[in-house]
Structure formats: structure tokens, C-alpha cells
Amino acid sequence: MIFLTKYIIPSRVSLGLILILVSCSSAKKVDFKSPVDTTTKNIKFQVKQTYNLPQLGVYASNDFDGARLNGFKKENDSTAIVIINPENAPINNSPYYAFKVWSKSSKSFYLKFQYPKGFKHRYIPKLKEGDTWRVIDSASIFKQDSIVTVKLELGTTPKLVAAQEIQSSTDVKNWYTSLANNKASYVHVQNFGKSRLGRNLPVLDIYRGDSKGKDIIVLLTRQHPPEVTGYFAFQEFLQTILNDSELSSRFLNKFRVLAFPIMNPDGVDLGHWRHNSGGVDLNRDWGDYNQPEIKQVVSYINKTLKKNEGKLTLGLDFHSTWYDVFYTNTDRENTNYPNFENKWFKALEENIPNYKVNEASANSNKPTSKGWFLNGQNAVAITFEIGDDTPREFIELKGKVSAEEMMKILIN
Ligand SMILES: [Zn+2]
């Protein structure tokens, strides 16, 4: 007996060591031609407050999730300067802003946007009225050189002005919770980790029947906080996969979907222009995994693939830029579904009226998700970019049709 116990203990220890080795190898780094330094940088937090311009009786506040306002100053009796700064620099030109503004008495008032040198106004201002957002009328937006001023009718009820429709981590949670409602048999909502500042990182793990042996599709969005139009396409795409149609049922009996609805919740709630709270562009961290958001998503995807005994067929990462475009990889022949891109784009053009696919193809030299899906997983990888100003109804149509056509291609 004693001999046996002695014998068992060391073997348990070595089993433990093997498990550790396996889990290390599952976060295997992927090499890229042009590495990017994604070690943590300092960011400047905005001070949450209500600004008061006493001589004018005008107030502004950034005291809510998704807000961005770094200063509010009187310029003259009818104008205030709205100061907007990035979380750190260097950074892309995506000057995001969001704040509430109101006044003691009703009046017309002007807001003049001020960004640091080198950055230009990008987003057309929107107003939230009740539950709906509307673009501020172009007759109330004035542009002189590159300085933008907006005219608003102020009163005692605060007006919410933002660069894009606000979709905070709470809004995202409310959306996926209600989407998954009554679908507990095949939609498993979990947190796969925590962000740098401790916010939940959610995933919807979706499959019908046995998970084992199913190949996997990964959907991601909001690595970049202001890219809300990409998120809208992601929402419609996922809703279509979960619409309980016959197509959806057949698809989910064959494939497992991992959907990550908010990859950068800190950046989203802090109103960041692009980075996470480690001051890093998360879509450049897919080689080294220095940031907790990417480290944990990579390890979650790898673990699921291993347990599932399947492969990763397709990775779709939803973003926004100036116009609609699909960024693809040029290497296709050796992926887990060669020719998917051609079939899918053809189907989109056939099923969306008067639509022509805009594709830009290049292998990712920088450590992006698209490069990681290809180089690390042999998966088809596409960055699904929606324009900042693409009409919202068109985004819905595109999200829906692209999900339907993807499912049709993959079940055949
Ligand atoms: Zn992006």
C-alpha cells in the first residue's frame, strides 16, 4: 500500500506538469513581419465632472460611461470650447467625444470642438432624443478651416451629444442578455476573463447538440471603442445566426460559434479614441499577447479548439472606418476553407440590391486578429469594416444577408 501511494504521488505531479506545459503551448506566439510594441503605456484619465460656465449659465458633464470631455471653456457670450484629448499618443485620428450639455434658461448656443495639434474632427455629431439618436442637421454645423462648431438649442434638460451612438459595456450586456434569453439550450453566455481594469469580458458560446467535433467560427468586435457601426453589423449578424430559422438550426448543428461582443470594455466605457486602458491598440497585440484582453481571448479560443477537436474555419472581426470595406488575406489556398471569400462576396452581391463588394486584400504584416487567424490557425480571416456614416438601415441589411450567406456556404 505504502509503496503504491509513493508511486502515485509522483505520477500526479508529472501529470500536473504536463498540463501546465499543454496550457503554455496553447498560447503559442505567432510571428509577424512587422512587430508592434504592445507593452503597457500610461494613459491620461479624464476627470469626471460637471463643468460650469457661471457667466453664461451653461453646464456640461462627462459623468457617465462612454463619455469623453476633457475641458469646457467660455470663448464668448454665445460659444464654449469643447476640449477633447486622446487617452495617449501616438494614436489614430479617431477623435471620439460624448458629453451632456444644458443651460439655466433656453437659448441658442455654439460649441466649438478643439483637438490637440495634428488631429482633425472626424465624426458627425449626433443627439440622443428619448431613445433615438439623430445626426445634427448640417445647417447647424459650421466648418472654418478644420475647426468645427455646432449650434444647439439649450435648455434645462441636458442634451446628450456624441460622436457615434453610445454603446457602453452595460448597453452591450443588456443587448446580448436579451438576445440569449430563452435560448439557454444552445447559447451559453459566459465571461472568459477580465479587462485590465476588472470589467467582464463576455463570450457567447453557441452550438446545438454535441459541441465535440464541430468546427468553429469566431466573431469579434469593439477592439476599437468608437467603432460602433462595426458593432451594429456584428449585432445584426449574430441576431441572424440566432433567429431560430431552419438555416440557423442546420448551421448550428454543424458549427460552433464563439462571439465576443465587446473586446475592449475599458476603452468603451472610458470613451477612448482607440486603445485599451493599457494605452495599447489591441488589434496590434495578436503576436505577443501583452494585454490581458488579447491574452485571455487567445487562450480561450485555443482551449475551446483543443477540447472540441475541431478547427477554426473562419474569423470575422467587425470594425469601422471611413467607408465599407472587407480586408482579406491574400493567402487562401491552404486555409481551412479555400475560396470562401469568393463565394461569400459573390453571394452578397447577388442578395443585396445594387451592392458592389469593396475588398482590399493583403496578408497582415502587423499583429492583427486577421493575421492571427491565418498564421496561427489557418483560418479564413476577414476584417468586416463598416463606414462611420454608412446608413444604419443598410448596416442592418448587410449584417443580416452576410450572416445568411455565410451559413448557406458553410453548411454545403
Ligand atoms: Zn478598428
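This is a predicted model: local features need pLDDT of at least 70, side-chain atom pairs count only at pLDDT 80 or more; totals for chains, interfaces and linings use all residues.

Trainee: Which residues of helix 7 are buried?

Mentor: Helices here are DSSP runs of H or I with at least four residues, and strands are E runs of at least two, numbered from the N terminus. Buried means under 20% relative accessible area, exposed over 50%, and partly exposed in between, with a 1.4 Å probe and protein chains only. On the other side of helix 7, Lys 346 and Glu 350 are exposed, while its buried residues are Phe 340, Glu 341, Trp 344, Phe 345, Ala 347 and Leu 348.

Trainee: Within what arc do the buried residues of helix 7 fall?

Mentor: The arc is taken from the directions from the helix axis to the C-beta atoms. The buried residues of helix 7 line one face of the helix, because, seen down its axis, they fall within an arc of 160°.

Trainee: Which residues are the protein donors of the zinc ion?

Mentor: Donors are N, O and S atoms within 2.8 Å of the metal (3.2 Å for Na, K and Ca), and water is not among the atoms, so sites may look incomplete. The donors lie 2.1 to 2.6 Å from the zinc ion, and they belong to His 224, Glu 227 and His 319.

Methods: Residues are numbered from 1 along each chain as its sequence is written. Side-chain values use heavy atoms; hydrogens and water are left out.
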